[in-house]
Amino acid sequence: MSRLLEVRDLTHSYLTRTGEEVEALRKVSLEVGAGEFVAIVGHNGSGKSTLAKHLNALLLPSTGVVFVDGLDTSVPENLWEVRQRVGMVFQNPDNQLVATTVEEDVAFGPENLGVPSAEIRKRVDEALAVVEMSEFATRPPHNLSGGQKQRVAIAGVLAMRPKCIVLDEPTAMLDPKGRQEVLRTVQRLNAEESMTVVWITHFMNEAAQADRVLVMQEGRIAIEGSPRQVFSRVEELKELHLDVPQVTELAFLLNKAGLPVSPELLCEEELVSILVDKLAG
Amino acid sequence: MLDGITLGQYVPTESPIHNLDPRTKIISSVLLIVVLFLVEGFQGYLLIGLGILGIIAAARLPLGFVLKGLRPLRLILLITLLLHLFMTEGREIARLGPLVVTYEGFNKGVLMTLRLGLLVLATSLLTLTTSPIRLTDGLEDLLNPFKRVGLPAHELAMMMTIALRFIPTLFEETEKIMKAQKARGADFESGKLSQRAKNLVPLLVPLFVSAFRRADELAIAMEARCYRGGEGRTKLHTLQMTRADYLAILLLTAGVIVIAVVF
Ligand SMILES: Nc1ncnc2c1ncn2[C@@H]1O[C@H](COP(=O)(O)OP(=O)(O)O)[C@@H](O)[C@H]1O
Ligand SMILES: [Mg+2]
């Protein structure tokens with residue numbers, strides 16, 4: 001797998017209005033391969049958004065470096081290339097849609113890139129088809145549901161033909177149905193188009209769907225590994241005030257009680273079938 | 001509270017007027033406004049009124065709907081009429097206690113009310129038959145030549161688009177906050193004007209705070225999507241003047257000149 005994102009020893013300090021420095025990231029290093037689905041979890045203020053904004057040069061490192069597809073984000077000439085390659089979807093679905101119709105909004109990115117009209121048309125239609133919003137093309141965005149708005153936002157990013165999508169808590173303001181819609185859409189993009197995905201969330205069941213999970217704590221990456229590895233570290237996660245998927249916690253407790261159940265379970269069916277086997281045997 | 005405002009709301013139907021280039025319609029509206037200020041007589045207004053009726057018919061707009069757009073302005077129209085009716089010096093034709101209606105006042109009042117009404121109708125025709133996107137695109141293009149004298153044409157159009165995009169969102173939010181404050185006993189409808197204005201504070205403060213937060217987030221989202229002003233920007237929908245557009249402008253200009261000269 002070729003390396004798409006590379007973050008090395010990244011620190012970032014914000015300067016507050018009172019002149020104090022807030023260190024939001026402390027020596028973060030991270031690599032994301034092309035086609036990978038990485039989830040980032042961590043409680044409020046742990047630096048997730050700050051890290052996300054470094055991945056498409058909305059923020060620049062105080063020290064350290066960030067490479068996107070081999071391009072150094074701190075080099076001014078690379079700015080637009082970087083932003084075209086890494087698309088961002090934000091938390092509030094209302095505050096990232098710019099235009100008065102869905103198709104005009106999806107066209108916003110390619111318009112900024114100076115893509116010719118006919119090509120924009122093609123990209124808009126394709127992107128809307130991918131997120132299954134074609135029938136809403138000429139509607140105003142304000143009376144769509146939250147999940148639909150987020151899918152439009154994803155289409156807007158896709159129309160720029162990025163290599164990676166970074167989604168910063170895209171489901172935080174959605175109802176369960178909307179959450180499902182958005183997660184499915186992004187999973188499909190990842191599976192079918194090998195889109196690289198960085199998915200920030202505080203829903204652990206969403207993070208469990210990723211190839212790799214990073215747990216952030218006070219500006220550092222505290223735990224890193226496959227969802228199974230990460231969520232089996234139940235006690236550490238509890239110390240960081242993070243939840244563990246229910247099944248994993250149950251498996252963990254069973255394991256601790258002496259049952260031969262692996263504490264790395266993520267899906268209910270798996271646990272049920274193991275327990276059924278045990279009871280039958 | 002905010003429903004029922006039909007003035008100038010885009011009506012998406014198919015018609016030759018809808019299909020005209022937005023620039024044609026903007027220029028036409030300006031022409032109509034100019035001629036309304038040049039003409040001072042009933043016959044002239046009658047002709048312009050007929051012309052506007054013709055356009056409404058060609059645009060396949062229901063007349064009742066278009067006229068209903070005047071309703072929010074009925075008070076202003078009435079005041080205009082009454083002011084001129086009673087405040088103009090001249091030959092007395094009727095007397096209501098201390099108030100004197102003059103012949104000149106009657107004439108002027110009716111004319112001014114007509115002018116104002118036609119003015120509103122002419123401009124609302126523009127927005128009734130042109131989608132907000134096409135309208136802003138048209139404005140941006142027409143203002144483009146003035147860039148050289150420092151007019152930020154693209155920025156103005158972008159501001160209009162964003163305003164149009166966020167007006168419904170902010171309305172929704174206003175209603176939500178109002179409901180929440182009402183549930184806590186706030187009263188927006190009764191009391192003296194000064195008291196009512198004071199009661200609006202707990203509505204306006206959260207609304208402004210949230211609007212600024214929205215602006216901040218939107219700016220970041222726009223930047224993330226490579227927005228860097230109008231330079232080098234292309235458009236999904238390009239504007240195209242057709243023969244119908246040139247013909248429409250030509251006809252209207254001719255009509256306007258005739259009316260302005262004759263009346
Ligand atoms: N614009 C800013 N100015 C000052 N401090 C900030 C700013 N944005 C974030 N911070 C601080 O940086 C830290 C990390 O914030 P953030 O990256 O938003 O965390 P998360 O997304 O994980 O909630 C927090 O302590 C936050 O208060
Ligand atoms: Mg955040």
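How do the residues of the shell around ligand 1 divide into nonpolar, polar and charged? They divide into two nonpolar, seven polar and one charged, where Ala, Val, Leu, Ile, Met, Phe, Trp, Tyr, Cys and Pro count as nonpolar, Asp, Glu, Lys and Arg as charged, and the others, Gly among them, as polar.

The legends below describe a predicted model, in which local features need pLDDT of at least 70, side-chain atom pairs count only at pLDDT 80 or more, and totals for chains, interfaces and linings use all residues. Residues are numbered from 1 along each chain as its sequence is written, chains are lettered from A and ligands numbered from 1 in the order in which they are written, and side-chain values use heavy atoms, with hydrogens and water left out.

**View 1. The surroundings of ligand 1.** The shell consists of Y14(A), A24(A), H43(A), N44(A), G45(A), S46(A), G47(A), K48(A), S49(A) and T50(A), a residue being near a molecule if one of its heavy atoms lies within 4 Å of it. Helix α1 (residues 48-54) of chain A supplies the largest share of this shell, three residues; helices (H or I, at least four residues) and strands (E, at least two) are DSSP runs, numbered from the N terminus.

**View 2. Polar atoms facing ligand 1.** A polar side-chain atom of T50(A) is 2.4 Å from an oxygen atom of ligand 1. For S49(A), a side-chain N or O atom lies 2.7 Å from an oxygen atom of the ligand, and for G45(A) a backbone N or O atom lies 2.7 Å from an oxygen atom of ligand 1. Ligand 1 taken alone exposes 560 Å², of which the protein buries 62%; accessible areas come from the Shrake-Rupley method with a 1.4 Å probe, and for residues only the protein chains shown count as cover.

**View 3. The largest nonpolar core.** This core has 52 residues, of which V106(A), I154(A), I165(A), V215(A) and F231(A) touch the most other members. A nonpolar core is a set of buried Ala, Val, Leu, Ile, Met, Phe, Trp, Tyr and Cys residues joined through side-chain atoms within 4.5 Å; buried means under 20% relative accessible area, exposed over 50%, and partly exposed in between (1.4 Å probe, protein chains only). Helix α5 (residues 146-158) of chain A gives the largest share of this core, six residues. Apart from this core lies another, of 30 residues, among them V7(A), L25(A), F90(A) and A221(B).

**View 4. The setting of R123(A).** R123(A) belongs to helix α4 (residues 117-130) of chain A and counts as buried, at 14% relative accessibility. Its side chain reaches the backbone oxygen of A159(A) at 2.9 Å. With neighbours within four places in sequence left aside, R123(A) is in contact (heavy atoms within 4.5 Å) with P110(A), V115(A), A159(A), M160(A) and R161(A).

**View 5. Two residues with positive phi.** Most residues other than glycine have a negative phi. E169(A), although not a glycine, has a positive phi of about 45°; E169(A) is placed in the loop between β7 (164-168) and α6 (176-193) of chain A and is buried, with a relative accessible area of 9%. R60(B), also not a glycine, has a positive phi of about 55°. R60(B) is found in the loop between α3 (42-58) and α4 (63-68) of chain B and counts as exposed, at 54% relative accessibility.

Conventions:
Polar contact = N/O pair within 3.5 Å; in protein donor to acceptor, adjacent residues only side chain to side chain.
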